[in-house]
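Please read the following points alongside the model.

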Amino acid sequence: MKVLLVDDDLNILQAFKVFKTETGNPDISKICDVLVTSQYRAVFLKSYARLLDPYSDFYLSEELEIRSSVLDGEFVGVGIGTDPMEGYLSVNQVVEDGPAAGKLVIGDKILSIDGHAVKGLGELEIRQRIRGEKGTRVRFLVEREFKVIVVDIIRDRVQQRSVSSEMVDNRLLMIRVHRFYKQTPMEVEAALHSHGKKIRGMILDLRNNPGGLLQAARDLVDMFISSGVVVYLKGKDVDEQVWAMNDGGYLSMPLVVLVNEGTASAAEIVAGALQDYGRAMVVGHRTYGKGSVQNIYETQPALGIQ
């Protein structure tokens with residue numbers, strides 16, 4: 001095996017390309033052995049993962065902790081959603097009863113976080129600066145209605161909202177699933193139970209739902225069909241069928257599913273399965289079209305990343 005000496009003048013990806021040329025079938029662990037520091041290995045693995053497809057990534061331990069809210073919907077922070085804009089963050093969501101409720105409002109423009117200008121910060125650094133330890137303070141410089149104000153918020157535990165519901169014309173229950181967390185099917189079930197016999201039909205709103213846990217999507221479909229394959233997974237080392245098997249309790253309830261171009265991943269699986277089994281009419285626009293599923297693998301210690 002050719003030994004590569006990596007220094008500041010040699011791009012990590014170039015090292016990978018050279019190694020691939022040498023071997024014809026690159027072994028990631030061997031490449032990590034060649035790279036001389038943990039930092040170089042981390043940079044290489046992040047770059048390599050992003051080359052696989054638009055959705056794969058490599059996270060260090062502290063990064064994975066921040067991303068864990070994708071799995072359980074719970075984290076310590078201020079409870080806002082933002083869109084990155086040119087030079088500021090636009091607040092697009094304020095979690096009800098969260099630390100930011102009553103202090104930040106949708107449409108606020110966050111200019112700086114604890115004195116650090118938002119302009120030039122990456123997504124991960126923004127998350128790290130907003131989140132932190134419970135009970136600590138974060139200070140935002142905010143533009144609101146053409147005035148610049150200072151907003152101080154004390155970080156606390158936030159439970160992201162997975163499901164919201166309302167009755168329409170006292171007959172139809174509209175349930176909006178914002179994202180698929182592990183608790184999503186239970187929250188949908190609770191919404192159905194809370195309205196009881198008044199419900200004559202249901203509208204499942206999956207618009208702008210980016211997806212989430214495949215298990216939660218499967219369990220939601222399982223509520224409305226008796227049994228069957230929800231999704232078929234096929235890949236290099238995967239050939240698997242994910243089944244609904246629990247003879248759901250809502251087999252005859254009239255059901256409409258709303259989708260749009262922001263409906264992706266697990267949300268597309270739910271809409272497609274309910275449509276394929278004839279359980280729902282799908283209404284809206286063409287969905288995002290994410291036809292891949294991710295798993296989480298623990299690789300950091302084995303690859304020499306500290």
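1. Which residues does valine 188 touch, not counting residues up to four places away in sequence? Taking contact as heavy atoms within 4.5 Å, valine 188 touches Val163, Ile175, Val177, Met202, Leu220 and Met223.

2. Before going further, please note that this is a predicted model, in which local features need pLDDT of at least 70 and side-chain atom pairs count only at pLDDT 80 or more, while totals for chains, interfaces and linings use all residues. Residues are numbered from 1 along each chain as its sequence is written, and side-chain values use heavy atoms, with hydrogens and water left out.

3. On pLDDT (the predictor's confidence in each residue, from 0 to 100), the chain averages 86, and 86% of the residues score at least 70. Over residues 1-10, however, pLDDT stays under 50, and for these residues the model has 15 contacts beyond four places in sequence.

4. Valine 188 lies in helix H7, residues 184-195, where helices (H or I, at least four residues) and strands (E, at least two) are DSSP runs numbered from the N terminus. Valine 188 counts as buried because its relative accessibility is 0%; buried means under 20% relative accessible area, exposed over 50%, and partly exposed in between, with a 1.4 Å probe and protein chains only.

5. Helix H9 (residues 266-276) has eight of its eleven residues buried, so it is largely enclosed by the rest of the structure. Among the buried residues are Glu268, Ile269 and Val270, and the cover over the buried residues of H9 includes helix H8 (214-222) and strand E12 (228-234). Just after H9, glycine 278 takes a positive phi of about 70°.
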